[in-house]
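This briefing covers selected sites of the structure shown below. The points are grouped by topic.

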Amino acid sequence: MAEKRPKILKVENLSKNFGGVQALRGVSLNLRAGEILGLIGPNGAGKTTLINIVSGVVREDAGTIFFEEHLLNELSPWQRAALGLARTFQHIQIFAGLTVLENVMCGAHRLRKTGFWETFLRLPRAVAEEDECRRQALSILSELGLADKANLPAENLPYGEQKKVVIARALASRPRAILLDEPAGGLNEKETEELGEIILRLREKGLAILLVEHDLNLVMRICERVVVLNQGEVIAEGPPCEIQNDPRVLEAYLGK
Ligand SMILES: Nc1ncnc2c1ncn2[C@@H]1O[C@H](COP(=O)(O)OP(=O)(O)OP(=O)(O)O)[C@@H](O)[C@H]1O
Ligand SMILES: [Mg+2]
């Protein structure tokens with residue numbers, strides 16, 4: 001069943017060295033349409049590096065990345081986003097000075113067709129487009145339970161809600177796949193549980209999700225498949241129940 005779904009993201013043989021530190025060595029993984037794939041591993045395993053390379057923020061030394069039929073290697077982060085590949089960052093990136101709604105609307109930038117002058121002069125097409133963008137952003141906020149916070153300054157929200165705002169912003173670009181880098185980091189148990197429900201709902205809507213996470217309870221609960229990285233290498237891959245009992249995984253986390 002799951003294996004019949006097309007591969008939306010294909011990472012093949014990715015390697016990256018940072019001045020002597022081999023962050024990734026020949027990593028391959030596939031994300032299928034509409035699946036939640038967990039990517040776990042101890043600190044420094046290379047998880048963020050993989051997301052940075054796939055999203056175009058860091059350049060790989062070797063390897064290929066395909067999103068659907070597009071080879072991404074030569075594309076800018078903006079071109080990758082325009083194809084429908086979104087990400088969030090491990091460390092929160094709220095735009096201070098903007099409201100929650102404005103933060104989310106920023107994420108829809110790639111969808112906007114009106115140019116600077118049309119927007120500046122508030123010509124009808126620009127106004128209609130902005131209204132539509134606001135409507136979409138509000139709808140995403142209400143799905144994430146933040147509609148009543150839309151007009152508050154984003155920096156005034158508690159940390160857990162700011163983390164939702166950055167997810168909402170990534171969703172505003174209407175991606176088909178999203179790379180989440182430790183979305184549960186810093187959240188309490190209840191917030192993590194809510195986040196799990198949100199991610200499951202996104203999957204139900206057809207989104208493919210790569211979930212990098214240290215909260216293994218969350219990963220084991222919502223992921224269909226898990227890839228384990230250790231020191232830049234894939235050491236295990238499979239359904240959560242197999243991964244949990246894999247001796248190589250236990251050794252990577254706990255030491256011999
Ligand atoms: N820009 C950089 N310059 C130098 N070294 C880097 C850089 N980015 C990452 N590294 C190194 O590459 C390795 C992998 O780091 P990465 O951030 O990808 O790990 P991670 O799995 O995301 O870890 P964590 O769970 O702590 O977030 C680490 O040894 C890190 O110090
Ligand atoms: Mg990281």
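**Ligand sites and selected residues**

A backbone N or O atom of Gly44 lies 2.8 Å from an oxygen atom of ligand 1. The protein buries 62% of the 640 Å² that ligand 1 exposes when taken alone. The model is predicted, and the distances and areas here are computed from it.

**Surroundings of ligand 1**

- The shell around ligand 1 holds 14 residues, and the closest are Asn43, Lys47, Thr48, Thr49 and His214.
- In the side chain of Asn43, an N or O atom is 2.8 Å from an oxygen atom of ligand 1.
- His214 places a polar side-chain atom 2.7 Å from an oxygen atom of ligand 1.
- At least two residues of this shell come from strand S2 (21-32), and at least two come from H1.
- H1 gives the largest share of the shell around ligand 1, with three residues.

**Magnesium site**

- Two side-chain atoms, OG1 of Thr48 and OE1 of Gln90, coordinate the magnesium ion (ligand 2) at 2.0 to 2.2 Å.
- Thr48 belongs to helix H1 (residues 47-55), whereas Gln90 sits in the loop between strand S6 (85-87) and helix H3 (100-106), so the pair ties together parts that are 42 residues apart in sequence.

**Thr88 in the S6-H3 loop**

- Thr88 is placed in the loop between S6 and H3, the loop that also holds Gln90.
- The relative accessibility of Thr88 is 4%, so Thr88 counts as buried; the cut-off for buried is under 20%.
- The Thr88 side chain reaches the backbone nitrogen of Asp181 at 3.4 Å.

**Nonpolar surface patch**

- A nonpolar patch on the surface is formed by Phe116, Trp117 and Phe120, which together have about 430 Å² of accessible area.
- Trp117 is located in helix H4 (residues 116-120).
- Trp117 counts as exposed because its relative accessibility is 56%, and the class of exposed residues begins over 50%.

Key
Residues are numbered from 1 along each chain as its sequence is written. Chains are lettered from A and ligands numbered from 1 in the order in which they are written. This is a predicted model: local features need pLDDT of at least 70, side-chain atom pairs count only at pLDDT 80 or more; totals for chains, interfaces and linings use all residues. Side-chain values use heavy atoms; hydrogens and water are left out. Patches are made of residues with over 30% relative accessible area and no salt bridge: like charges are joined within 9 Å, nonpolar side chains (Val, Leu, Ile, Met, Phe, Trp, Tyr) within 5 Å. Accessible areas come from the Shrake-Rupley method with a 1.4 Å probe; for residues, only the protein chains shown count as cover. A salt bridge is a side-chain nitrogen of Lys or Arg within 4 Å of a carboxyl oxygen of Asp or Glu. Helices (H or I, at least four residues) and strands (E, at least two) are DSSP runs, numbered from the N terminus. Buried means under 20% relative accessible area, exposed over 50%, partly exposed in between (1.4 Å probe, protein chains only). Donors are N, O and S atoms within 2.8 Å of the metal (3.2 Å for Na, K and Ca); water is not among the atoms, so sites may look incomplete. A residue is near a molecule or strand if one of its heavy atoms lies within 4 Å of it. A polar contact is a pair of N or O atoms within 3.5 Å; within protein, one must be able to donate a hydrogen and the other to accept it, and residues adjacent in sequence count only if both atoms are side-chain atoms.
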